[in-house]
Structures are given as C-alpha cells and as structure tokens.
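Dear colleague,

Please find below the structure that I am handing over to you. My findings follow it, arranged by region.

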Amino acid sequence: MASHSDTLVVFFGATAGANGGKLGSDEREIILLVWQIVDLHEKKVGKLQRRLVKPDTLELTDQSKEETGLSVDDLYKAEPLDKVLQQFQQSVSVELKALGRSSYTLCVDGPLIIRQALHPEASKKNLVLPECFYSFVDVRKEFHTCCPNAGQVQDLTLPSMLEYVCIPELPLSEQVMGLKEVRSMVLLSLHILAEPYNHRFSCFEAVKYKLESGACSKTEPVDSETVIRARGLPWQSSDQDIARFFKGLNIAKGGVALCLNAQGRRNGEALVRFINQEHRDLALERHKHHMGSRYIEVSIRTSNEVAQFLSKENQVIIRMRGLPFTASPQDVLTFLGADSPVTDASDGLLFVKYPDGRPTGDAFVLFSCEEYALNALKKHKQILGKRYIELFRSTAAEVQQVLNRYMSTPLIATLPSSSMVPMPVLATSPYLTTGSTRDCVRLRGLPYTAAIEDILEFMGEHTIDIKPHGVHMVLNQQGRPSGDAFIQMRSADRAFMVAQKCHKKMMKDRYVEVFQCSTEEMSFVLMGGTLNRSGLSPPPCKLPCLAPPAYAAFPSPAMLSEAALYQPPLLATPRTPQPPHSPHPTHTLAYYPPQHHPAQFYMNMNMNYTAYYPSPPVSPSTMSYFASPPGSVALAAQQPHAQGHIASPMMPQHGALVRMQGLPYNAGVKDILSFFQGYQYSPEDYSSMVQMSQGQTRSLIQPKEWLCL
C-alpha cells in the first residue's frame, strides 16, 4: 500500500452473538458491516454504506437481536460474507477514484472487529481477505495520542471521547447500531484533524499474514505475560495449524512450542508466545473456541503470583466469596477497612480466575495477625456493590485446592510421567511440606457446616499442639467441604494421642473418626486423591498414568540393584547373614539410609510409588515385616564370598531379581518353579511369595539367569 495518509475508511461490524467488548469471544458469525470514507486532506466524507451479511447458521442470540434490531428474516435474503466483502472493495474503489485518491486505511473502534471477528471467520471459511484488512488504525489509540489526559486507552469509549471534545450527542435518527458508531468515529476523526489538535494518524497496526518460523536464542528475554497454554489440540496439529487458530493475532517469531510427552510424542498441548500482552489477552478470549470438531482450552501459564502469595510466612488467610466480577483490589481494601489492613496492600490479595482470565468471585486475603483477621470476619455477609460477601478462615492447602480446581494446569507438582530418570531427585511441592512421619491426624465424617473454629473446639486441650496454620479442610469437586480435614500436630506422639482420645467423639450431632497419618498422605488427598482402607488412589484426571519404576542408571560407581527402585511402606527384615565359609552365599535385603550411601535416593513426597506398586513380596517362612525407617531403601546385597572378599556392588548377573505379575490366584510355589523349569537355580537361591493386592498377584524370585518378563 503506497500511503496511509490519503483516506480513512471508517469500518464497523456486528455478529450474531456477543458484541461490544466481547465481540468475537463466542465464535458467532458476522451479520452486519458498515463503512464510510473520510478524505483526510479535503476533510470530506463519502456515502454511508450498510450491508447485512447472511451467516451459515441462521441463529441470533436475544442480545444480538436487541442490540442490532435485526431478525433471522432480515438476514435470510442477505449475501454471504465473501460477496459482501467484494461489494466493499468495489464501493471503496469507486469512491476513491472519484476523490482522486490512491490508497486508504481502515479505521476501527478497537481491534476486535478485525482481529477477533473478521480474520478468524475468514480463516475458518477459507476466504482470502483483501490486503486492506491487514493494516488499520484504532481511533481509541489515536485519540489517546492526541488527548493523553482523556484517560487510559482501555477505558475510552465513543461517548466519552465525544464528550471530552464537546461534540454533541447524535440525533435519535442516527441511533441505529452501526450507523451510530460509524458517524461518531467520523465526527471524532474530523474534529481531531482540525484546529487546535491538528492530529495526524500514525499508529498503524498490522496483522501478520503467516507465522514466522525460527528459534529463540537463549539470551533472548521472554516476557511471561505474553505466553499462553493451549490444550486439547488434535494430535496431528502443527505450528501452522495453531497459528491459524489464532488468526488475526500476532505470534512472535518461532512463538509456537508443541509440548511432548515422555515418549517424545505430542500430548495435545502447546505454548504460544505473542508479540505483546494485548495480543495475549485477546488470545485468552478464544478459550474453548473450536479447531475442527474439538474445542481448545486457552489459559495463562501458572505465574509466580501464587508462589509469592503463599510464600509469605506467619500470615492468617481469609477467603472471600461472592465478590462482584468487576471488583478491583482497591474495592476489596476499602470494603475491609482500616481496622483490618491487608498485608502488603494489594499484594496481599489473590483473586481466583478462570483459565481465560475471567474472575470467579473468589479471593484470598493475607493478614499479619489474628486481630486483623477477626476484624475482617466481622464483615461477613456485608454488602460490596450489590452483593453480600462471605468471609471464612482459610489455609494454604485450601488456596491450592481452589486454584487447582479452576486452573487448567495443577499448581501442586506431580511426578513426571516417565519412569526413566538419570537421577531420581524429584522436587517436592513448594507450598506444602511433606514427609512420611506420622505427625498428622485425619478427621472423617465432619458435619458439612463445620468450620475451622468447630474443629478447634472439637480438639479441646489438644489445640495447643497444632502447628501454626495446621488445619486443612478437604474440599470436594464443587469447592465445598467434603466432611474431611487434616491437622498437622507438633509431633507423631501428639498425633497418636489425639487419635486415641478424639476418635468417635461427637461434633454437633455426628461422631467424627480420627486417624493418625503422615503429611505425605495429607498432601496426596489435598491434591484430589483418596485415602481409604485399600490405600491411596490417584487424583482423577489430575496425575499422569504412572509406569512401573524402571531400573535407573546412577552416575555413581556404586550401583543400586533393581530392588532399590521399589519404595515399600513395609520392608523385609534381613535374614541372618551366613558366615563367609558358607558354600551357598545368599542375597539379603537390608536397610541403607540415603545419607550413608553414595547414590542417594529421594522420592517426591507428593506421590508414593507404593500406592500403585507394593513392595516385592518375599518368602513368609524366612522373613517378617515391620515398618521401614524414614528415607530407607531396600538393597539386594551380596554376602562375602568364601575367600573373604566383598562382592562388587554392581548389579550382578548372579542372583538377579525377576518380578512376575498376573499370576493365577491359586498359583503356588511349585507352579512358579515349574514355570522356570530349565533355568539354573537351587532351592537356597530363591525366595518367593504370592501376594494378593487389589486383584493383582506378584512374585519375586532370584534365579541364576536373568529373565525379561
């Protein structure tokens, strides 16, 4: 395009669904286009053109009918979008020729009609848009450049801009949707072009034709406020397909990263980086838009905001529920008042939002002391705006549960889906401290109306032994109390005492069961899993499907045997070591605390492999069971040889372990020995046991030749 300064074509559009600030957010088709030419040199205007557009789906929302004044019958005889765009080009070309001009630029009230409506719809219908739709000026940004004191760009509206420059309101005859907006933009443009403003249109915006391929340099800074996560993509989707889904928005060069699973295959997710935050925010409006027959979830990546909020120590947390969706941090601070100051002002507020950024009406507030929190609780069910606000005591665990429910990506870390790791050092959750020490109690069967105050009253004299902020309510999928709670005590002895004295004690009209447990189990349940008599069950649709632990290679010269990769809740007691002169040295299981072994083995306390894979069973005739000390692992160690030399700690061919799954329930030792007929072993060199566990049967055997089962 030769020049952008000759002519403006003021352009407006409406859809069959949402319009105004939500234009294009519901994927509804365009049903109305209005335009008018403005000669920037002669300050003349052309004919006002209005065209109805026939959508493929002849349906209008009630809101659209009310705002546009159109009905399905009005659209039935209209032309489809491609025909109307041809009429647009022909009409503008004729008028330009009459004015003696050679080029023009579209002028719109906000970018939504171009970026969120026209380009996405044309992409879905495989229409080639004219070149003029790849460049435009936004009258709001131009006005802000001309009159910076009028307010922020996002706060400007056509009525407010007209009022600021003292342009009278349009007559009722021009209050028809489309005509009103175009006439207002034309008047506003002519006004700022004249004295005393003498404005020159210069803020031209571009729409990229296609995605630029390329790689990001390690030194190139990446603004986290420009990145979104897209989930639910078809497996065969490419970066160009994703760019087409976001057509109209400018993606940064090489800004599409397809996510892979542990096997190196695409997992239906992608990270997309846009050129600025404005385009990122527009991309969030395409949450649950369709790519083919599938809807795509678009969300902001988990930011540091939550981590910073929960990292503030010794704070009392209050949850606010029922906030107006338009409530700002200042509105909340004003509502709470001077007698309950929030820690770090607005930084002590955490608003809960949907993946697309819309507010849920929930927020969490930090207070530095109990007095401030009590003052805030006195405002329970007081009015903010037109709504009454509920205030409750809360905990860090509840913050995580609520945010996990609304966010596409869980906040609490989980184990990676791959079981092959070069060094099994797995990070624990940054929010909840976990461990295997049984210094917690679980309360089951609480009344659904029970609050933290009721639990403290229920605990009675044992309340003094609760850790600060150690009461954690378990919520169900709807975010309501589930009847369960976990309490962190100062020691395992205190937890045992509470479980003994408070078990089946009455709270209101119900008796409550109290069990001793560990913080590991507590964290697992708070993630959405279940804890029952059958053990731990994984959270539904929250965790990856775990494969059985593999035999990982450690960089240390000393290698752990395959038995070390099982983390049993119960470990076998070692048999009495045979003397060095024994003709048949055997392999025994022994404890090796991680700090005493060169290859340290850490487990993520948010997850426990033993919940899915119990410890390898052993012969009941030679071994008994007892609880394992914290952090211990089972090693299959060689006994000293007859010559007195210690066997190499490397995994031996002799005495390797074989794990069997899927045995018949009635299988006995003889059946197992018969199965291995033809392989070399002696009765002293194996230990086997059949174990029934949740419908699975396993066996551990030590033949002299290694088998791959």
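**Overall picture**

Of the 709 residues in the protein chain, 48% count as buried, where buried means under 20% relative accessible area, exposed means over 50% and partly exposed lies in between (1.4 Å probe, protein chains only). This is a predicted model, in which local features need pLDDT of at least 70 and side-chain atom pairs count only at pLDDT 80 or more, while totals for chains, interfaces and linings use all residues. Residues are numbered from 1 along each chain as its sequence is written, and side-chain values use heavy atoms, with hydrogens and water left out.

The protein chain has 17 helices and 31 strands; these are DSSP runs numbered from the N terminus, with helices being H or I of at least four residues and strands E of at least two. Among the contacts in the protein chain with a separation of 6 or more, 72% come from residues 24 or more positions apart, a contact being heavy atoms within 4.5 Å.

Helix α7 has 15 residues and spans 21 Å from its first C-alpha to its last, close to the 21 Å expected at 1.5 Å a residue; the expected span is 1.5 Å times one less than the number of residues. The buried residues in α7 are E181, V182, S184, M185, V186, L188, S189, I192 and L193. These buried residues pack against the strands β1 (7-15), β2 (30-39), β3 (44-45) and β5 (105-108), and against the helices α5 and α6 (158-164).

How do α5 and α7 pack? Helix α5 (residues 139-146) and helix α7 (residues 179-193) pack at an angle of about 30°, and their axes are 11 Å apart. That makes α5 roughly parallel to α7. Axes here are lines fitted to C-alpha atoms, for helices over the stretch in contact, and angles run from 0 to 180 degrees between N-to-C directions. Angles under 35 degrees count as roughly parallel, over 145 as roughly antiparallel, 65 to 115 as roughly perpendicular and the rest as oblique.

The crossing of α5 and α7 is left-handed, meaning that the near helix is turned anticlockwise from the far one by less than a right angle, whereas clockwise would be right-handed. On the α5 side, V139, F143 and C146 meet M185, L188, S189 and I192 of α7. By class, this contact has six nonpolar, one polar and no charged residues. Here Ala, Val, Leu, Ile, Met, Phe, Trp, Tyr, Cys and Pro count as nonpolar, Asp, Glu, Lys and Arg as charged, and the others, Gly among them, as polar.

L52 counts as partly exposed because its relative accessibility is 23%. Its C-alpha atom is separated by 5.7 Å from that of A78, 26 residues apart along the chain. Leaving aside neighbours within four places in sequence, L52 is in contact with I31, L32, L70, D74, L75, A78, E79 and V84.

R50 has a relative accessible area of 31% and is therefore partly exposed. Not counting residues up to four places away in sequence, R50 touches L32, L33, V34, T68, L70, V176, M177 and L179.

R321 lies in strand β13 (residues 316-321) and, with a relative accessible area of 16%, is buried. Beyond its neighbours within four places in sequence, R321 is in contact with G361, D362, Y388, I389, E390, F392 and R480.

Y372 is in helix α12 (residues 370-377) and is partly exposed at 27% relative accessibility. Y372 and P341 are 31 residues apart in sequence, with 6.6 Å between their C-alpha atoms. Y372 touches D339, S340, P341 and F367, not counting residues up to four places away in sequence.

**Backbone points to inspect**

The peptide bond from E195 to P196 is cis, with omega near 0°; P196 is in the loop between α7 and β7 (204-206). A345, a residue other than glycine, has a positive phi near 55°. A345 is in the loop between α11 (329-336) and β14 (349-353) and is partly exposed at 39% relative accessibility. K504, also not a glycine, has a positive phi near 65°. The place of K504 is the loop between α15 (492-502) and β21 (505-507), and its relative accessible area of 48% makes it partly exposed.

With kind regards
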